[in-house]
Amino acid sequence: MEEIFMEINKIKKLTTLAETKFLSMYKADYVNKSGKEKSWIIASRKTKEDLSEQYFNGKEGKVDAVVVLGFHKEEKKLIIIKQFRVPLNDYIYELPAGLIDPEENIFTTVERELREETGLKLEEIIKEKSGKQLYLSAGMTDESVSLAYCICSGEISKDNLEEDEDIETILVSREEAKELLLKDEKFDIKAFMALQSFVALGEDLFKK
């Protein structure tokens with residue numbers, strides 16, 4: 001069988017369109033597989049300097065955020081949240097998550113975000129399943145996350161939420177997860193797939 005190799009599309013120029021503290025917009029000029037010059041709009045958590053190093057000098061891109069797939073060891077339930085999101089003007093079911101601060105690694109961010117968003121205590125991160133760099137919506141952004149499988153404990157609390165965080169933490173059993181998936185609600189795809197996996201595997205989802 002004849003093997004067909006496609007040339008990798010290459011970005012030639014990066015132009016800043018807008019910059020904010022947490023998100024920036026760039027126009028990338030690139031050459032497509034037919035040799036035609038094209039442009040693409042990219043949303044990124046990275047500065048232009050860091051993104052340019054990644055595109056033009058081969059620097060490895062860092063993980064931007066963590067997503068916490070947590071199991072409450074006393075309640076034997078999956079940890080999810082329901083959060084108000086401005087782009088939707090509505091509440092949506094998600095997993096706890098947050099950006100990695102410059103001085104942090106993936107695992108310290110998991111502990112901090114879990115405490116801030118849910119009040120729960122991190123007991124263990126299942127490292128064999130955690131830490132891989134994953135991309136969320138590659139047609140729009142280079143944002144990447146690490147999914148961390150965790151065992152947690154303690155009581156739910158809103159005491160550490162930031163002013164703009166409108167979050168309700170929910171512990172769901174396997175049967176409750178199954179019922180929730182059937183409801184006409186808004187779901188983040190990561191939370192939806194986590195609920196599906198929990199329904200299928202239960203506590204085994206968190207075994208090494």
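**The loop between E5 and E6**

Tutor: Start at asparagine 89, which is placed in the loop between E5 and strand E6 (90-94); helices (H or I, at least four residues) and strands (E, at least two) are DSSP runs, numbered from the N terminus. The model is predicted, so local features need pLDDT of at least 70 and side-chain atom pairs count only at pLDDT 80 or more, while totals for chains, interfaces and linings use all residues. Residues are numbered from 1 along each chain as its sequence is written, and side-chain values use heavy atoms, leaving out hydrogens and water.

Now look at the backbone. Most residues other than glycine have a negative phi. Asparagine 89 is not a glycine, yet its phi is positive, about 50 degrees. Its relative accessibility is 62%, so asparagine 89 counts as exposed (over 50%; buried is under 20% and partly exposed in between, with a 1.4 Å probe and protein chains only).

Finally, turn to the rings. The structure has 8 aromatic pairs (Phe, Tyr or Trp rings, taking the six-membered ring of Trp, with centres within 6.5 Å; stacked under 30 degrees between planes, edge-to-face over 60, otherwise tilted). One of them joins phenylalanine 84 and tyrosine 91 edge-to-face, at 5.4 Å centre to centre and 65 degrees between the planes. Phenylalanine 84 is partly exposed at 27%, and so is tyrosine 91 at 34%.
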